[in-house]
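Q: Please take a close look at one part of this model. I would like to start with a pair of helices.

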Amino acid sequence: MTDSHPSELRPETRTVHVPQPVIEGSRPITMPIYQTSGFTFDDPAVMADAMGRADGPFVYGRYTNPTVRSLEEAVSGLEGGVGAIATGSGMGAINTVLLGLLKPGDHLIAQKSLYGGTAAMINDLVGRFGITVTYVPENDPAALRAAVRPETRLVYLETISNPMTLVADLPGMCAAARELGILSVVDNTFATALLCRPIEHGADIVVHSTTKYLSGHTDVVGGLAVFASTELYEKVWHFAIELGASADPFAAWLSLRGLQTLALRMERHCSNARLLATRLASHPAVTAVHWPGLATHPSHELAGKLLSDFGGVLSFDLAGGREAGEKFMSSVRLMLLAPSLGGVETLVLHPATTSHRSLNAEELARTGIGEGTVRIAVGIEHPEDLWADVAQALA
Ligand SMILES: *Cc1c(COP(=O)(O)O)cnc(C)c1O
């Protein structure tokens, strides 16, 4: 049972080389945390070979690890990919993909409404790395075709945008990208593979902040990139081990643990969001509700085709503008004032004074975010408790 050492070894040596039980006849039910930074080999030739291969034996923690690989395979399988690279954060995954694929002089096309960190990252690529960018609407393949140049490498999309919850026309945009010979990268954080699988709609790479729904319990930061082809996976993998934005085994384990209840949580996030969106839509203090499940939402028809449900994030505009937005934020009792989303707790945010505070009034207007817009990342609490909190904060 135990891989023990000869008893002639001295205590100083025996304390270093502790026995490792060899597991035979049974196995752990849950994926253990492989808290080791490296792996040892019996055969030097196998070790030499492992160093340069994405699909080789485990070799070093920066490359991957059995716990991390379990998460990579789980999400890759859900997304319909051939392989995945787990990273230390969602931004780590996005940077791994963009830096791994772009070089100075390249052009990229991105949708107009982007997650703040991604928008900042692209600005940095443009400012410091000689990369150019053109922004197009998320649902306009003709604009994508018009924007493409000989040096265009990829188009970057988000399945559901923040905080206006616009849905990207993945089939149209990814098909146009393929025709034009450019790659499509889709951030599927808001939808997860349970609501939408971008690879089935033609995406080449899917990126995630596993910090959000995939982990789901507001206790871990992580990211992941899933690849539709082995060639792309291997290309980015070679860059990923150089970049070193690797996932930690404990973080990967927390994400795996969260993932097991993803389907149950998503169902509740979506049904809670439906109840809040529907009631907010008929509240006199509210001028508009942005949630793709509502017939009034500009993406409603597309969302009905692309998504199996409409997601757990919604935003709404208060008639009273900035003052009403700030008042709402200071009046909530149950919902927590916080950025981020996808956890079991409901979080509220006033974009104009927090996540989008660097935008001036004109830029805000262009994104569709009003001074009185409030975003709710709906949790899995009882919907009537959530509504009671929203109603009292509006009153
Ligand atoms: C949070 C988020 C990110 C960044 O992920 P981190 O884990 O915070 O680095 C990227 N895209 C979207 C849509 C997000 O919500």
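How closely do the axes of helix H3 and helix H10 come, and at what angle do they cross?

A: This is a predicted model, where local features need pLDDT of at least 70, side-chain atom pairs count only at pLDDT 80 or more, and totals for chains, interfaces and linings use all residues. Residues are numbered from 1 along each chain as its sequence is written, and side-chain values use heavy atoms, with hydrogens and water left out.

The axes of H3 (residues 66–79) and H10 (residues 249–259) come within 8 Å and cross at roughly 40°. Helices here are DSSP runs of H or I, at least four residues, and strands are E runs of at least two, numbered from the N terminus. Axes are lines fitted to C-alpha atoms, for helices over the stretch in contact, and angles run from 0 to 180 degrees between N-to-C directions.

The crossing is left-handed: the near helix is turned anticlockwise from the far one by less than a right angle.

Now the residues. From H3, Thr67, Val68, Ser70, Leu71, Ala74, Val75 and Leu78 take part. They meet Pro249, Ala252, Trp253, Ser255, Leu256 and Leu259 of H10. Contact means heavy atoms within 4.5 Å. By class, this contact has 10 nonpolar, three polar and no charged residues. Ala, Val, Leu, Ile, Met, Phe, Trp, Tyr, Cys and Pro count as nonpolar, Asp, Glu, Lys and Arg as charged, and the others, Gly among them, as polar.
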